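Hi,

Here is the structure I promised to send over.

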Amino acid sequence: MSDPTRSTNPRIIAITNQKGGVGKTTTAINLAAGLAERGARVLLVDLDPQGNASTGLGVPAGNRRKTTYDLLVDEAPLAEVVQQTGTAGVLICPANADLASADMDLVANEKRSFLLHDALRQPAVDAFALDFILIDCPPSLSLLTVNALVCCHSVLVPLQAEFFALEGLSQLMLTVRQVRQTANPTLRIEGVVMTMVDSRNRLSQQVESDARATLGDLVFRTTVPRNVRLSEAPSFAQPVLAYDSQSKGSEAYRNLAAELMGRHPVLRVAEEPVT
Ligand SMILES: Nc1ncnc2c1ncn2[C@@H]1O[C@H](COP(=O)(O)OP(=O)(O)OP(=O)(O)O)[C@@H](O)[C@H]1O
Ligand SMILES: [Mg+2]
């Protein structure tokens, strides 16, 4: 049902880095939870055939009625794909292994780079009264990631604080530039968030200071520490904010959500908490 107090123009943010295992899904899940805790309504689009964001938010494989594959390849209506998660204020378009063949299945489709764009601009999106749409991208610069870059307002890049971290960024930035020159001229870099930071480790400190020297204000003030609670939470199908609310991981993602909402205030007529 439409709620007149809610924004109908959600900010769409693609969480992407073609490097695997850098914290994209962890950031997608916990940033979504952090934003929801501050009263925002969030849709997480799981765009990874691994389906980790879906599992981590309490939608097990057997409960995924329709998936992002149906949304893109069969153009299923968004309302048929979106599901509730175990976290109040967070909805999900779940994914499963079907999505692995989307590249091939879409090869002859002329609109293939615009499918997510079109799906998220259906008038039916308004009914969800969303403030943010976060897209959890797969670890590649494939057609799926291109769909995310074409449809989003901005890109949020988790960067693991380890050697070579910055090298992978140039390929991503090149792809962003190409998409900007063609399909999405207003595409912006939302920011780079340092993940798995170990403040006692000299290399970790060095990578962070290199990133700040090279990228300046593009790097979020908030950094995400290496925190075992963050890696445990998905096996309990919960964001860390629910699994261990007082952990360092929870604190970091709360801060990241606050930093992001500081830039993109959620405009509402009535200030009521989300239930
Ligand atoms: N800050 C952190 N502290 C400790 N463990 C973390 C942290 N962030 C992520 N992890 C763990 O590191 C692994 C990779 O994280 P995650 O799945 O979020 O990365 P990803 O970039 O989405 O990976 P992929 O590229 O495969 O999609 C996971 O086991 C996750 O639990
Ligand atoms: Mg992932």
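To start with helix α7 (residues 143–151): is it largely enclosed by the rest of the structure or largely open? Enclosed, because eight of its nine residues are buried, where buried means under 20% relative accessible area, exposed over 50% and partly exposed in between (1.4 Å probe, protein chains only). The buried ones are Leu143, Leu144, Thr145, Asn147, Ala148, Leu149, Val150 and Cys151. Helices here are DSSP runs of H or I with at least four residues, strands are runs of E with at least two, and both are numbered from the N terminus.

Some housekeeping before the rest. This is a predicted model, so to speak of local features we need pLDDT of at least 70, side-chain atom pairs count only at pLDDT 80 or more, and totals for chains, interfaces and linings use all residues. Residues are numbered from 1 along each chain as its sequence is written, chains are lettered from A and ligands numbered from 1 in the order in which they are written, and side-chain values use heavy atoms, with hydrogens and water left out.

Salt bridges

Searching the whole structure turns up 11 salt bridges, each being a side-chain nitrogen of Lys or Arg within 4 Å of a carboxyl oxygen of Asp or Glu. One of them pairs Glu162 with Lys19, with the closest N and O atoms 2.8 Å apart. That pair links distant parts of the chain, 143 residues apart: Glu162 sits in the loop between β6 (154–160) and α8 (165–181), and Lys19 in the loop between β1 (11–15) and α1 (24–37). Glu162 is partly exposed at 26% relative accessible area, and Lys19 is partly exposed at 29%.

Lys66 and Glu80 also form a salt bridge, at 2.8 Å from N to O. Lys66 is in the loop between α2 (52–56) and α3 (68–73) and Glu80 is in helix α4 (residues 78–81), so this pair ties together parts that are 14 residues apart in sequence. Lys66 has a relative accessible area of 31% and Glu80 one of 38%.

Then there is Arg229 with Glu232, whose closest N and O atoms are 2.6 Å apart. Both belong to helix α10 (residues 228–232), three residues apart, or about one turn of the helix. Salt bridges with shared partners also join Arg11, Glu190 and Arg263 into one network.

Ligand 1

There are 18 residues around ligand 1, and Lys24, Thr25, Thr26, Pro225 and Asn227 come nearest; a residue counts as near if one of its heavy atoms lies within 4 Å. Which atoms of ligand 1 lie by Gly21, Lys24 and Pro225? An oxygen atom of ligand 1 is 3.0 Å from a backbone N or O atom of Gly21. An oxygen atom of the ligand is also 2.8 Å from an N or O atom in the Lys24 side chain. A nitrogen atom of ligand 1 lies 2.9 Å from a polar backbone atom of Pro225.

Lining of the largest pocket

The largest share of the lining, four residues, comes from α1, and α1 and α10 each supply at least two.

Terms used: A polar contact is a pair of N or O atoms within 3.5 Å; within protein, one must be able to donate a hydrogen and the other to accept it, and residues adjacent in sequence count only if both atoms are side-chain atoms.
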